[in-house]
Amino acid sequence: MATHLFGFVGIFVGLTIDGEAVTGVDLSRKVEEWQHICLDLLGFLSFAKHLKGGHLSMTALYDHCMSNLVNDDTSEVDVVKYTRCVSLMIIGGIMLPDYQGGSARLIFLQLLRDIDNVKSYSWGSAVLAFLYRELCNASRIEKTTMTGPLYILQIWAWSRIKCVNPDRGGLTLGVPPVDPDAFILVES
C-alpha cells in the first residue's frame, strides 16, 4: 500500500515525495510572540482569542485574506504574505489538519518563511506520514476520532477496492471469493 500511496500522492495530489523533510521544533511561545510572528510573516496582528497553543484560527486567516485580496497594485512583499496565509490554510485545513477544529499549526510558518524554498520540502511524505500515524492511532480501542488527509485514503480505496466502488468492473483485492456454502451453521 505504501508504494502505491507514494505514487498516488506524487501524481494525483501533486505533492512531492522528494526533498527536505518537513520537520520543526514546537517552541512553547507566548501569545505575544506568535502575534509578532504573524505580523511579520502573514501581515496581520491576530487577536489573542484567535491563538491557542501554537494554533491560529482558520477564521482569522480567512478573514485576513478576504480583506486583503491581491491585485495588480499589490506590492511583492504583500503578495508573499498573502501566499503564506493561503499556504497555511491549505496546510492546516487539507494537508495536515489537527484536532483543534478549524485551526492551523503555526509551527509550519517557519517552513513558509522563505517562500521560494517551500517547493524543496517533501510535503507528500509528510502528508503520508501524518496519515499513517493517524491510522495507527485510530486502531487504539480508546480512540473515537480521527483526523488527517483522509481524502487520500478514500480515493485510494475507491480506485482499488470493489466493495467501496462496485462500478470498477472486475477490480478485486486478489483475495479469492468466499463460498457461502462452505460454512457450517451451528445452532445453539
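**Reading burial, contacts and pockets**

Modeller: Start with Tyr 121. Its relative accessible area is 10%, so Tyr 121 is buried. The cut-offs are these: buried is under 20% relative accessible area, exposed is over 50%, and partly exposed is in between, with a 1.4 Å probe and protein chains only.

Colleague: What should I know about the model itself?

Modeller: This is a predicted model, where local features need pLDDT of at least 70 and side-chain atom pairs count only at pLDDT 80 or more, while totals for chains, interfaces and linings use all residues. Residues are numbered from 1 along each chain as its sequence is written, and side-chain values use heavy atoms, with hydrogens and water left out.

Colleague: How do I read an aromatic pair?

Modeller: Two numbers describe it: the distance of the ring centres and the angle of the planes. Rings of Phe, Tyr and Trp (its six-membered ring) pair if their centres lie within 6.5 Å; planes under 30 degrees apart are stacked, over 60 edge-to-face, and the rest tilted. The rule gives one aromatic pair here. Tyr 121 and Trp 123 have ring centres 6.0 Å apart and planes at 70 degrees, so the pair is edge-to-face.

Colleague: Is Trp 123 buried or exposed?

Modeller: Buried, with a relative accessible area of 7%.

Colleague: How many helices and strands does the chain have?

Modeller: Elements are DSSP runs numbered from the N terminus: helices are H or I with at least four residues, strands E with at least two. This chain has seven helices and three strands. Along the sequence, the pattern reads α-α-β-β-α-α-β-α-α-α.

Colleague: And the totals for the chain?

Modeller: The chain has 188 residues, and 35% of them are buried. Accessible areas come from the Shrake-Rupley method with a 1.4 Å probe; for residues, only the protein chains shown count as cover. The chain's accessible surface is about 12,000 Å², with 58% of it on carbon and sulfur atoms.

Colleague: How do I read contacts?

Modeller: A contact is heavy atoms within 4.5 Å. Take the chain's contacts between residues at least 6 apart in sequence: 61% of these join residues at least 24 apart.

Colleague: Which residues does Arg 84 contact, leaving aside neighbours within four places in sequence?

Modeller: Asp 40, Leu 41, Leu 42, Leu 112, Arg 113 and Ile 115. Arg 84 sits in helix 4. At 9% relative accessibility, Arg 84 counts as buried.

Colleague: Where does His 64 lie?

Modeller: In helix 3 (residues 58-67). His 64 is buried, at 12% relative accessibility. Beyond its neighbours within four places in sequence, His 64 contacts Leu 42, Gly 43, Phe 44 and Cys 85.

Colleague: Show me a strand residue.

Modeller: Ser 57 belongs to strand 2 (residues 55-57). Its relative accessible area is 15%, so Ser 57 is buried. Not counting residues up to four places away in sequence, Ser 57 touches His 50, Gly 102 and Ser 103.

Colleague: Now helix 6. Is Gly 124 buried or exposed?

Modeller: Gly 124 is buried, with a relative accessible area of 0%. Gly 124 is in helix 6. Ala 138 is in helix 6 too, but Ala 138 is partly exposed, at 31%.

Colleague: How do I read a pocket?

Modeller: Rolling a probe the size of a water molecule over the atoms shows where empty space is left. On a 1 Å grid over the protein atoms alone, a cavity is a set of points where a 1.4 Å probe fits but cannot get out; a pocket is an open set with protein on both sides within 12 Å along at least five of seven lines, and lining residues have an atom within 4 Å of a point. Grid points are joined across faces, edges and corners, and the volume is the space filled by probe spheres set on the points. The largest pocket holds about 260 Å³ of space. Its lining has 14 residues, of which Leu 96, Arg 105, Phe 108, Phe 130 and Arg 133 are the closest to the centre.

Colleague: Which helix gives the most to that lining?

Modeller: Helix 6 (residues 123-138), with four residues. By class, the lining of the largest pocket has eight nonpolar, three polar and three charged residues. Ala, Val, Leu, Ile, Met, Phe, Trp, Tyr, Cys and Pro count as nonpolar, Asp, Glu, Lys and Arg as charged, and the others, Gly among them, as polar.

Colleague: And the second largest pocket?

Modeller: About 190 Å³ of space lies there. Of its 14 lining residues, Leu 15, Ser 87, Met 95, Val 118 and Trp 123 are the closest to the centre. Helix 4 (residues 76-95) supplies the largest share of this lining, five residues. The lining of the second largest pocket divides into nine nonpolar, four polar and one charged.
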